[in-house]
Amino acid sequence: LDSHQVIEVISKGAAQSWQMENRSTTMINKEYEHGFAVDLMRKDLSICLSEARAVNARLPLTALIDQFYGDVQEMGGGRWDTSSLLERLRPK
């Protein structure tokens with residue numbers, strides 16, 4: 001499917017969001033130099049997961065997202081913004 005056409009169609013309904021309006025084109029073009037860096041997100045997620053362990057709380061989805069951002073770092077994307085999570089899903 002043509003990514004630009006998909007965005008045009010789904011942005012007219014309930015899927016519309018700030019991220020879609022403002023970042024869809026940069027994400028399609030693999031431009032990830034616009035926002036909060038993956039390295040910083042992982043630092044924050046580490047703090048969150050550490051605090052959760054301290055109070056014996058389980059945050060499985062947070063841990064999963066942290067792993068996904070770790071994959072992005074392994075791809076060389078530590079300085080990319082958090083929308084770069086999309087790169088983890090792109091076919092190789």
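Residues are called buried under 20% relative accessible area, exposed over 50% and partly exposed in between, with a 1.4 Å probe and protein chains only. The views below show a predicted model, in which local features need pLDDT of at least 70, side-chain atom pairs count only at pLDDT 80 or more, and totals for chains, interfaces and linings use all residues. Residues are numbered from 1 along each chain as its sequence is written, and side-chain values use heavy atoms, with hydrogens and water left out.

**View 1. Confidence along the helices.** The protein averages a pLDDT of 94, and 100% of the residues score at least 70, pLDDT being the predictor's confidence in each residue, from 0 to 100. Among the elements of the protein, the lowest mean pLDDT, 91, belongs to helix H2 (residues 18-28), whereas helix H3 (residues 38-54) has the highest, 98. Helices (H or I, at least four residues) and strands (E, at least two) are DSSP runs, numbered from the N terminus.

**View 2. Two non-glycine residues with positive phi.** Lys30, in the loop between H2 and H3, has a phi near 60 degrees, a positive value in a residue other than glycine. Lys30 counts as exposed because its relative accessibility is 52%. Asn56, which lies in the loop between H3 and H4, also is not a glycine and has a positive phi of about 60 degrees; with a relative accessible area of 71%, Asn56 is exposed.

**View 3. The salt bridge between Asp81 and Arg23.** The structure holds five salt bridges, each defined as a side-chain nitrogen of Lys or Arg within 4 Å of a carboxyl oxygen of Asp or Glu. In one of them, the side chains of Asp81 and Arg23 meet at 2.7 Å, N to O. Asp81 lies in the segment after helix H4 (60-74) and Arg23 in helix H2, so the pair ties together parts that are 58 residues apart in sequence. Asp81 is buried at 1% relative accessibility, and Arg23 is buried at 9%.

**View 4. Salt bridges of partly exposed residues.** Arg88 and Asp71 form a salt bridge whose closest N and O atoms are 2.6 Å apart. Because Arg88 lies in the segment after H4 and Asp71 in helix H4, the pair ties together parts that are 17 residues apart in sequence. Arg88 is partly exposed, with a relative accessible area of 29%, and Asp71 is partly exposed at 28%. In the salt bridge between Asp44 and Lys43, the closest N and O atoms are 2.6 Å apart; Asp44 is partly exposed at 31% and Lys43 is partly exposed at 44%.

**View 5. The largest pocket and its lining.** About 210 Å³ of space lies in the largest pocket. The lining consists of Ser3, Ile7, Gln19, Met20, Ser24, Met27, Ile28, Leu86 and Arg90. H1 and H2 each supply at least two residues of this lining, and H2 gives the most, with five residues. On a 1 Å grid over the protein atoms alone, a pocket is an open set of points where a 1.4 Å probe fits, with protein on both sides within 12 Å along at least five of seven lines, and lining residues have an atom within 4 Å of a point. Grid points are joined across faces, edges and corners, and the volume is the space filled by probe spheres set on the points.

**View 6. A nonpolar surface patch.** Leu1, Val6, Val9 and Ile10 make a nonpolar surface patch of about 430 Å². Val6 is found in helix H1 (residues 3-10) and, at 32% relative accessibility, counts as partly exposed. Patches are made of residues with over 30% relative accessible area and no salt bridge, nonpolar side chains (Val, Leu, Ile, Met, Phe, Trp, Tyr) being joined within 5 Å and like charges within 9 Å. Accessible areas come from the Shrake-Rupley method with a 1.4 Å probe, and for residues only the protein chains shown count as cover.
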